[in-house]
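The following exercises are meant to be worked with the sequence and the structure at hand. Each task is followed by a solution in steps.

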Amino acid sequence: MLPIVSITIFLPLIGALFVMTLRKAPAPVVHAIGIGISGLALAGAAWMWARGVNASGFAQVEQFEWMPTIGAAYRVGVDGISLPLILLSTILFFLTFIYSAKVRERPHAFVVLMLLLETAALGTFAALDAILFYVFFEVSLVSMYFMIAGWGHEDRQRAALMFFIYTLLGSLPLLLAILGLYLGSDPHTFDMRVWIDNPPLGGMAAMLALVAMLFTFAVKTPVFPFHTWLPAAHVQAPAAGSVILAGVMLKFGTYGLVRFALQMTPDAFREAGVVVLAFGVVAALYGAFAALAQSDLKRLVAYTSVNHMGYIVVGVAIAALALDPAIRATALDGAVLQMVSHGLVTGALFFLVGMLQDRAHTREMSEFGGLLKVVPILGWSFVLAAFASLGLPGLAHFPAEFQIFLATLHVEPVAIIVILGIVITAGLYLRAISAVFLGEPGKKWASMPDLSLREVLAVGPLLILTIMVGIAPFWVLNIIHKTTSMLQF
Amino acid sequence: MERDLAFMIPEIIVLLTVVFALIAEMLRQARLAFVVTLLGLLLATVMTVPLLGENTSVFDGTFRIDMLSIWAKLILLPATALSVLLARSEIGGSDREGTVYVLLCLVTLGALLLSGAGDTMLLVLGILLAGLGSFALVAYPRNDHATEAAMKFFVFASVTGAIMIFGLSYWFGGTGSTQLSDLSRLETKPVIAAIGLIAVIIGLGYKASLVPFHFWAPDAYDGAPISVAAYMSVVPKLGAIFALAQVVRDLPVSTGWPLVIAVIAVLTMTYGYLTALAQSNIVRLLAYSSIAQAGYFLLGVIAIGASPLAFTALIVFAAAYAAMNLGAFAVVMGTGRALDDFSGLGRTNIAMGVAMVVFLLSLVGIPPLAGFVGKFLLFGASIDAGFTWLTVVAILNSVLSLAVYLRIVVPMYQQNDAAPASASRPAGLVTLTWGIAFVFTLGIGLAAQVIFAQFS
């Protein structure tokens, strides 16, 4: 059988090496290679999707020995939690390459870094070996650092530095937890499947490992109060970087929360579940209120990410606390679907804000007005994405958040105050829409061009998928549910 | 006797290399000395390979042929060869060129004796041999800067050496033997054990530049030619660390040595990186970084006897450290000593820029590079040995180290309209050196199994 998982992961890396050899090729050629390679990766992910997952654990597993003496091997595979994220990542990378085809500043290095980032992202989701996971996890940091430092806005060096140091500080505790799990397993192995089937640690050791992992993933997700790197990084990052950062890399945090924290230290997680739940609720509400206070569109979208990721943390915590397997599955279904929805919707929003900034060279909401009449396609796209982001039924976030809230009501009814977040986001998006797109168009923007074909191609698929997930979430949920309904802990 | 000599073939080859290189230098054939040195070092490396897997000792237990000493040869001999390449490129054609190669080999011999020491007398011999050659190497440029650095170095070494010999005499009195394997007799004599331990830590700590015995290092590195600085940050340092490992192997844990070394590890890592943050001279920055890196080795040293990972970790990290540190110094040689020389390097010389980023990220411990595998094993060993708190400190220091190394990376990719002074391409030997170091920095990261396989 063709090792399609490995091919999909490493195709972008090979593409990156190939681009490195083409020092003289003009920018359009380089971008075309980027689009082509990421398109092939997307096709690979679609193929994986067609092969599907099985209910008994991981599917499409590919492995070979790497460092047998210490029990590390190259192991990749997918289940209902990772497969949707892999598909999401390949979609977002493909569209980002289309969107970025205009980059003329060092296009070679840009495409190389983006392809490297794609390999790192796909590897992180598909890895079934803890060392391999950590390798991909860190490589993504390095690539994103150079992305922000190289193609960001005014204050990019500081933001990139802050991003790198903050998230490295965040990810090193995971290394401790991995070492703890390794030394606790018998025989010593880094095989994540073994750790999931037989959680190697118990009691105090498990709790310490959990705390280390929660710290890592809380920084990555990010959860209040570890979120301070996020607005800085987003504001300075180029639009392409923001889309990948929010759409793909934030998912590392929530994916790790499920894969590592929940599945490898389940008992400790259940004990600490209420604390995690509280963090999730606070993050969701804080993100919403902080977004309300922003006048910069990009910061606003960045803070709504904190809000949406907070719902995911709530969903995972509820899954840990739930005693009824059906409720647990509902909570996890919601959490995983929320990851996908957030990738689609926030990806679209960051694209649109980037397009607006390309035209106006500002993101201050007060500078705009009445743009719906000037640039109708951009305007209506933003309105649609904003409605999706605030959780309107029929759009992507609704089925996800609905399931999370449903499970929350069953398990910990008090936590349902988190629903307030929806009200606040609704308010802030309506305010943003009215400030930027409604009213009389300012003279300054009268000649603003509407979306070009390239831009429509970048953002259009995301909006279509947003509607598809909103109206018929089953095509994603079927895959997710296969795994979540079988989880034992 | 013949059996013993057969185990010492690599050391004997190095010694013969010294003799022939010296003869060539006396004949004013510096180029020949260079070739002889390189060939001798390579031959010695090749002749070490058949020893792999041996675990014995020679000359009545005074010299150990074990994993540490065999791998020390496999790491230090090629590292010396790379340093010789750098030295040729830096001081080639100058007066007394050949003596530098001779001295490099002699110091390496001292480091090899240290890393296999089974006897306190051999410790002293190794320290002296490695020390005497180093003073001369530092003083090589014969300017005020170098002379002052060599003088500081010499005084420091003399004092610490004297203290070490004095302290070792207590161990001799306590055990009635100079053999390290008899140190277990100190179980019931805690005061004597402690005095000797402190003395050994001072003596070897100076060579490994552990805080607080590191003061000579930044001055010496900065005063010396860059190739010598690169060499001293790797070869004698690793020799001293392996010697420390040989000593504590036999030392009863009841003396409390793991805790003492753990405290020194914390001081070394933290002080090294904090000071490195303030440097604007790259050689000094790398000097402080190499001080801090020495602290990481101690995580493996404290785990000896308590974790099966300890020796693997020490050796893998030693190999990784040799590759990435020599690589970084080679790039500095091709660029310049000032931090400003690096601005725009990533744009003017893309390949060298990428290599430097890889070396520095490997020094931080970012996967999948060599430094990551080494540090990962060191962390695992020290957690296994019950020193989780020390691992946490080491991890926090890794974050700090990122800030240190990014101080070099950030200007490399900054927009720099004023054309950098170092636009000229560096010499071929420098490029060759960082190229080899680059391959090993990536290779050890991805194929550490080659080393692991020797331990199973």
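**Exercise 1.** In the hairpin of S1(A) and S2(A), which residue takes a positive phi, and how many residues are between the strands?

*Solution.* A word on conventions comes before the steps. This is a predicted model, in which local features need pLDDT of at least 70 and side-chain atom pairs count only at pLDDT 80 or more, while totals for chains, interfaces and linings use all residues. Residues are numbered from 1 along each chain as its sequence is written, and chains are lettered from A and ligands numbered from 1 in the order in which they are written.

Step 1. Helices (H or I, at least four residues) and strands (E, at least two) are DSSP runs, numbered from the N terminus. Two strands pair if DSSP finds at least two bridges between them.

Step 2. S1(A) and S2(A) run antiparallel and are joined by 6 bridges. One pairing is that of A:Met67 with A:Ala72 in S2(A).

Step 3. The hairpin has 4 residues between the strands, and A:Gly71 is the residue with a positive phi, near 80 degrees.

Step 4. A residue is buried if 20 or more other C-beta atoms lie within 10 Å of its own, exposed if 12 or fewer, and partly exposed in between, with C-beta atoms placed from the backbone. By this rule 5 of the 7 residues of strand S2 (residues 72–78) of chain A are buried, so the strand is mostly covered.

**Exercise 2.** Determine which elements of chain A touch chain B, and state what kinds of residue they present.

*Solution.* Step 1. Two residues are in contact if their C-beta atoms, placed from the backbone, lie within 7 Å. Between the chains, 25 residues of chain A are in contact with 24 residues of chain B.

Step 1. On the chain A side, strand S1 (59–67), helix H5 (130–151) and helix H6 (156–184) each give two or more residues. H6(A) gives the most, with 13 residues.

Step 2. For the residue kinds, Ala, Val, Leu, Ile, Met, Phe, Trp, Tyr, Cys and Pro count as nonpolar, Asp, Glu, Lys and Arg as charged, and the others, Gly among them, as polar. This side of chain A divides into 20 nonpolar, 4 polar and 1 charged.

**Exercise 3.** Locate the cis peptide bonds and the positive phi values of the arginines described below.

*Solution.* Step 1. Most residues other than glycine have a negative phi, and most peptide bonds are trans.

Step 1. A:Thr221 and A:Pro222 are joined by a cis peptide bond, with omega about -15 degrees. A:Pro222 belongs to the loop between helix H8 (203–220) and helix H9 (229–236) of chain A.

Step 2. In chain B, a cis peptide bond links B:Val211 to B:Pro212, with omega about 5 degrees. The loop between H8 and H9 of chain B holds B:Pro212.

Step 3. A:Arg106 has a positive phi near 45 degrees and sits in the loop between helix H3 (82–99) and helix H4 (107–126) of chain A. With 15 other C-beta atoms within 10 Å, A:Arg106 is partly exposed.

Step 4. B:Arg28 has a positive phi near 60 degrees and sits in the loop between helix H2 (9–26) and helix H3 (30–48) of chain B. B:Arg28 counts as exposed because it has 11 C-beta neighbours inside 10 Å.
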